[in-house]
Structure formats: structure tokens, C-alpha cells
Amino acid sequence: GYIGMPHIFGATNYLEEWLAPVLAGPHQAAATHALSSGPGSASMEWMLMGFSVGLVLVSIYLAYYLYNKNLNATTKLREKLSGVHKLLLNKYWVDEAYGAMIIRPLIYGSVFLWKFVDVVIIDGLVNGLARVAGDASDLLRYTQSGRVRNYATIFLTGVVAIVAYFIFG
């Protein structure tokens, strides 16, 4: 609390000096500092300090009265201000809004990426290529018999076809 001490206690308000360049322009900062250390500022500071201390004391007494002395008054006040009570009880519905605007779209987007992009496109492409390679190997399997005579016949048929192409083609 020492960094924000009022001028009336004779202390330097380090917080005010540190924030002065940010909160006001150069001419305004000098004028604001001159006003805060002028003769009228002491009464304003005393008044603001008294008001804030009085507000704290009233709040302490009100809390003591409502929660220790008269619990019926608390119930009546809650019933009378039911809308405010519901608003505060539900924490301004921030969690629900966060869930609706951020969490649910992320979940729906993630499910879409998983079920469509990953399963249909990526897995479909990989599995499709594997299926094509498997089908091609099933067809080419019949060309492999292990008999040299069959291989020589196929080779000779290919050579005759190429020569015929160049002669007659």
C-alpha cells in the first residue's frame, strides 16, 4: 500500500508517478501533478478516504447483521432480489456462454476432422492404395508359375510382338 499513499500523508505516490506517462499526455501529466499537490486536493483526498472507509464499515456491519444476527432477513432479501440472486448464483452464465461459443465448436470441429478428414480422406486413401496394390498382385500372381519353359515362351512371344511391330507397324 505504500506505493499509492495519498499526498496528504507527505509520501510520494510512486504508483501515480509511474502511471502518469501512460494515463495522460505530457502537458496533461504536468497539470495533473500540479493539481494533485495543490491546496484543494487535500480536502478531496480526505473526503474520498472517509467515504471509502465508511463504505467498508457499512458493508462489514451489513454482512454481520445479515449472516449472524438476522438470517430471516437474508432469506427475505434473497427472495426479493431473486433475479440478482439467480444471476450471481449462476456466475453470470459465463461457463455456459464459454461452453456454447468455444468448447462446443471445438468439439464439433474435432469430431468432423476425425470422422471425415482422418477416416474418410486419409484412411480411405491409404486403404484404397493398399487395395489397388493387393488386387494388382492377385492378377500378377498368375504370371508366376515357377516353370522356366513358361517364362521362355512368354519372353519369345514378347520379342516376336516387338519385332512384328517394327516390321509391319
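In this predicted model, Phe166 has a relative accessibility of 64% and is therefore classed as exposed, the cut-off for that class being over 50%. Tyr165 is likewise exposed, its relative accessible area being 57%. The rings of Tyr165 and Phe166 form an aromatic pair of the edge-to-face kind, with 5.6 Å from centre to centre and 70° between the planes. Helix α7 covers residues 148-168, and the count of buried residues among its 21 residues is zero, so that the helix is hardly covered.

A search of the whole structure returns three aromatic pairs. One of them joins Phe112 and Phe116 in a stacked arrangement, for which the centre-to-centre distance is 5.5 Å and the angle between the planes is 15°. Both of these phenylalanines belong to helix α6 (residues 94-141), where Phe112 and Phe116 are four residues apart, or about one turn of the helix. An α-helix has 3.6 residues a turn, so residues three or four places apart point the same way. Phe112 counts as partly exposed because its relative accessibility is 46%, and Phe116, at 38% relative accessibility, is also placed in the partly exposed class.

The loop between α5 and α6 contains Tyr92, and Trp93 is found in the loop between these helices as well. Although Tyr92 is not a glycine, its phi is positive, at about 60°; a positive phi, of about 55°, is likewise found for Trp93, which is not a glycine either. With regard to solvent accessibility, Tyr92 is exposed, since its relative accessible area is 53%, whereas Trp93 counts as partly exposed at a relative accessibility of 35%.

The largest pocket holds about 180 Å³ of space, and its lining consists of Leu66, Tyr67, Thr74, Leu77, Arg78, Leu81, Val84, His85 and Leu88. Three helices, namely α3 (40-69), α4 (71-80) and α5 (82-89), each contribute at least two residues to the lining of this pocket. When the lining residues of the largest pocket are sorted by class, six are nonpolar, two are polar and one is charged.

Terms used. Residues numbered from 1 in each chain as written. Predicted model: local features only at pLDDT ≥ 70, side-chain atom pairs only at ≥ 80, totals over all residues. Heavy atoms only, no water. 1 Å grid on protein atoms, 1.4 Å probe; cavity = no way out; pocket = protein on both sides within 12 Å on 5 of 7 lines; lining within 4 Å. Points joined across faces, edges and corners; volume = space filled by probe spheres on them. Nonpolar A, V, L, I, M, F, W, Y, C, P; charged D, E, K, R; others polar. Phe/Tyr/Trp six-rings, centres within 6.5 Å; stacked < 30°, edge-to-face > 60°. Buried < 20%, exposed > 50% of the residue type's maximum accessible area, 1.4 Å probe, protein only. Expected span 1.5 Å × (residues − 1).
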